[in-house]
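Here is a short briefing for a first look. Keep the sequence and the structure open while reading.

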Amino acid sequence: MSEYGQPMTVAFRTCPLCEATCGLALEVDAAAHTVTKVRGDADDVLSHGFICPKGVSIKELHDDPDRVRTPLVKQPDGSFAPATWDEAFALIADRLPAISAEHGRDAIGAYIGNPAAHSLAFLLYGKVLLKALGTKQIFSASTVDQYPKQAASALLFGSGSTIAIPDLDRTDYLLCLGANPLASNGSLMTAPDVRGRLRAIRRRGGQVVVVDPRRSRTVQEADEHLPIVPGTDALLLMALLNVIFSERLEALPSPHVSDEHLATVRALADDFTPEAVAPATGLDPERIRAVARAFATAPSAVAYGRIGTTTQAFGTTTSWLIDVLNVVTGNLDRPGGAMFPLPASGLPNTKGAPGRGRGAIFGRWASRVRGLPEVFGELPAAALAEEVDTPGNGSIRALITIAGNPVVSTPNSERLAAALGTLDFMVSVDIYVNETTRHADVILPAPSPLEKSHFDLVFMGFAVRNYANYSPPVLERPAGMPDEWETVLRLVGIATGQGASADVGAIDDFVVRAAIGKEVADEHSPWHGRDVEECVAELAPRTGTARMIDLLLRTGPYDLTLADLEAQPHGVDLGPLQPRLPEVLRTRSGRIELAPEPLVADVARLHDLLAEAADPERLVLIGRRHLRSNNSWMHNLPMLVRGPERCTLHVHPDDAARLALTDGAPATVRSRVGELRATVEVTEDIRPGVVSLPHGWGHDLDGVEMDVARAHAGINSNVLTDEAVIEPFTGTAVLNGIPVTLAPVEAPVAVTG
Ligand SMILES: Nc1nc2c(c(=O)[nH]1)N[C@H]1C(S)=C(S)[C@@H](COP(=O)(O)OP(=O)(O)OC[C@H]3O[C@@H](n4cnc5c(=O)[nH]c(N)nc54)[C@H](O)[C@@H]3O)O[C@H]1N2
Ligand SMILES: Nc1nc2c(c(=O)[nH]1)N[C@H]1C(S)=C(S)[C@@H](COP(=O)(O)OP(=O)(O)OC[C@H]3O[C@@H](n4cnc5c(=O)[nH]c(N)nc54)[C@H](O)[C@@H]3O)O[C@H]1N2
Ligand code: SF4
Ligand SMILES: [Mo]
């Protein structure tokens, strides 16, 4: 019983806080509008009871007094005052259309952050809003994250969401590059309890090899660690291919790859012998050979790369070579290798004609200031500041941020913060007054995660097993609080000139009819040829996100409806991943484009990298993640920030000795763009020449209204990362491998007398 004398109930739902999508079992105290206990759901079909400290902290997140619960409007003195929803929307309707009328549609920018990838509101209606705004100034966290992987996948397989996922539960050999899933809980690999799954690989006689400049927690679970020089993974991959080709260890040719492409790749690898790449990668040639042989001869093997391989100078090329390695060893699309999930809600690769499509198209427009190419409908986040602070036709005068904190999460934070201060108008849909949203004129809050429904539309498509689950809200929304999708559609109403009081239901009806229209027109859809109104009636009386999900499920690859998922609170297991070639392809050729022309051309840059002499004095900065952190926004939860200081600069003892740095003492870190004072942590767990600072900290800026985070402020590593240094294909920021210099901070001379 709760203290209010009401019975306690247990609710099951998916944790929305990271890609692992664990099942939570929550003891609900509806009368007190909170949960009293958070456990892992032992019956969840994917997570089987696994949970991490962040999942437990969902209670603190819900209860957090600093979480924004009513719209906030900026006052003339710079403070925020609560407003009603109608007042907030009226203000937006007054300002936003006027700016686009005066300066053009591109004068309104949009930045979409990471939690939006877990939020049905943005997944289902975000595109509608961006289309309604009609701006090309669209930015997101994807260009400080995974776009290189998606671009490589699009070139190879024809769609950016056709990502080959490690078949973790059946593989005999995992080669993990630039990922630390024991801290991150996995990314582009939805797999709760990675530690358990890695231990299972080793228990069944398999091997785990980790390529990382640091001795990460994942390294501690591995058989072998290759402590690579940051940014040189593509050289290592070329050397692995070189050994495999020269020792004739490749698999039989695949019917899905042309001989010509295979020959191209083989020729490209020619120059990259283990000896040739050894100086640049810092890796022993014999160990490279041994890994190549073991990978190629294992019954099954898979190469997998994440942040350390995408947010670096060779992001797309490295991501490509990872899949080339999977392909030439026969490990693509087979159990234990890299496989393509088939999620219940479908993917672009389940729509249209199977096996063939339009392929990847990039660069349909370019950014105004630097001329950087569009990728997946966006411009690079590294270009956001210059698009605001460089005057001229098309400069951004108003910005909408949605579930994003670009001031902390994107390169050269100080420039971006200054730029946001010059905007004519800014709206943030967010749950905190943080480093970014403090610049807003209006903050529109989202309901607490316990007050929202949940369906991990994106991440079920990147999971190590096919499964589906749906979570209705655990708690009712407080009176007057709209659902997040209603907020998005009210913004759509404003952007389409219908004003602040547009009929959200009518917009929703319009959107669902358009989606149904596509299905009935697609000859490969189970709804092909049906009457739109009859389909609308079939989905009634649902509305909003629930209706859209029901539509996706009914037209998806399994015979499922939302009601089926509602009846299964622990989720529905749809079995291990199945081979999907060739139907999964959407390339023009109908085959895997193993040697995409732009990436083949980029190999010249790899030759240059080979020739770069190793400079023993050179120091580069990389990042790292900690289990109790989530990018920039969960440091206000006491249970996640307690314990020793975590925002420290890891320095190898040799570098510390050379530079006279002391463990626990401050040091000045300088890069081209910024300077920070960091606390040094001397550790053998990083290779010499490399230093590491976690991202997402630095909460002591003026106007941040997060008391716990302020008390554990840390420093923002993106003050040091350089917006000018980007990956060439996607404009993704190079966040790993930033040249820095270090110096001890001299203790102030005591003045007595
Ligand atoms: N140096 C360095 N920088 C990095 C990285 C790195 O490895 N190194 N990693 C990069 C990566 S991978 C990513 S994804 C980005 C993340 O970049 P961002 O997405 O810009 O930043 P987050 O810290 O995830 O901020 C999320 C925001 O969403 C808000 N929020 C949380 N829940 C909700 C909700 O339910 N609704 C709404 N409307 N808002 C919500 C939070 O308050 C916060 O403001 O950071 C990148 N930056
Ligand atoms: N606890 C926690 N979990 C998270 C997040 C978080 O902030 N905290 N963020 C979430 C998000 S948005 C994402 S995208 C994922 C990211 O998930 P992961 O990619 O697993 O993230 P990291 O733990 O940063 O692991 C990246 C590793 O790459 C290494 N590295 C750096 N540079 C290089 C390089 O040049 N080459 C190689 N081979 N390695 C390099 C780093 O030392 C680090 O160990 O995590 C998600 N989960
Ligand atoms: S691993 Fe991710 S999904 Fe699972 S409980 Fe932790 S934060 Fe939630
Ligand atoms: Mo991310």
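T143 lies in the loop between strand 7 (138-140) and helix 5 (147-157). Helices (H or I, at least four residues) and strands (E, at least two) are DSSP runs, numbered from the N terminus. This is a predicted model: local features need pLDDT of at least 70, side-chain atom pairs count only at pLDDT 80 or more, and totals for chains, interfaces and linings use all residues. Residues are numbered from 1 along each chain as its sequence is written, chains are lettered from A and ligands numbered from 1 in the order in which they are written, and side-chain values use heavy atoms, with hydrogens and water left out.

- T143 counts as buried because its relative accessibility is 0%. Buried means under 20% relative accessible area, exposed over 50%, and partly exposed in between (1.4 Å probe, protein chains only).
- A polar atom of the T143 side chain lies 3.2 Å from the backbone oxygen of S140. A polar contact is a pair of N or O atoms within 3.5 Å; within protein, one must be able to donate a hydrogen and the other to accept it, and residues adjacent in sequence count only if both atoms are side-chain atoms.
- Beyond its neighbours within four places in sequence, T143 is in contact (heavy atoms within 4.5 Å) with V375, L379, P380, A381, T730, G731, T732 and A733.

**Leucine 26 in strand 2**

- L26 is found in strand 2. L26 is buried, with a relative accessible area of 0%.
- Leaving out neighbours within four places in sequence, L26 touches T9, V10, A11, R13, V35, K37, V38, I58, L450 and V474.
- L26 and T36 are 10 residues apart in sequence, and their C-alpha atoms are 7.5 Å apart in space.

**A helix crossing**

- Two packed helices are described by the angle between their axes and the distance between the axes.
- Helix 8 (residues 233-246) and helix 22 (residues 597-611) have axes that come within 10 Å and cross at roughly 100 degrees. That makes helix 8 roughly perpendicular to helix 22.
- Helix 8 contributes A234, L235 and M238 to the contact, and helix 22 contributes V603, L606, L609 and L610. By class, the contact has 7 nonpolar, no polar and no charged residues.
- Axes are lines fitted to C-alpha atoms, for helices over the stretch in contact, and angles run from 0 to 180 degrees between N-to-C directions. Angles under 35 degrees count as roughly parallel, over 145 as roughly antiparallel, 65 to 115 as roughly perpendicular and the rest as oblique.
- Ala, Val, Leu, Ile, Met, Phe, Trp, Tyr, Cys and Pro count as nonpolar, Asp, Glu, Lys and Arg as charged, and the others, Gly among them, as polar.

**Aromatic pairs**

- Rings of Phe, Tyr and Trp (its six-membered ring) pair if their centres lie within 6.5 Å; planes under 30 degrees apart count as stacked, over 60 as edge-to-face and the rest as tilted. By this rule the count comes to 7 aromatic pairs.
- F157 and F340 pair edge-to-face, at 5.0 Å centre to centre and 80 degrees between the planes. This pair links distant parts of the chain, 183 residues apart: F157 is in helix 5, and F340 is in the loop between strand 13 (338-339) and helix 14 (384-389).
- F157 is buried at 0% relative accessible area, and F340 counts as buried at 1%.
- F459 and F462 also form an edge-to-face pair, with 6.3 Å centre to centre and 70 degrees between the planes. Both F459 and F462 are buried.
- Y147, F362 and F376 are linked into a cluster by ring pairs.

**Backbone exceptions**

- Most residues other than glycine have a negative phi, and most peptide bonds are trans.
- The peptide bond from A540 to P541 is cis, with omega near 5 degrees. P541 is in the loop between helix 19 (532-539) and helix 20 (544-554).
- The bond from L581 to P582 is cis, with omega near 0 degrees. P582 sits in the loop between strand 18 (572-576) and helix 22.
- T21 is not a glycine, yet has a positive phi of about 55 degrees. T21 is in the loop between strand 1 (9-14) and strand 2 (23-29), and counts as buried at 1% relative accessibility.
- D193 has a positive phi of about 60 degrees. D193 counts as partly exposed because its relative accessibility is 27%.
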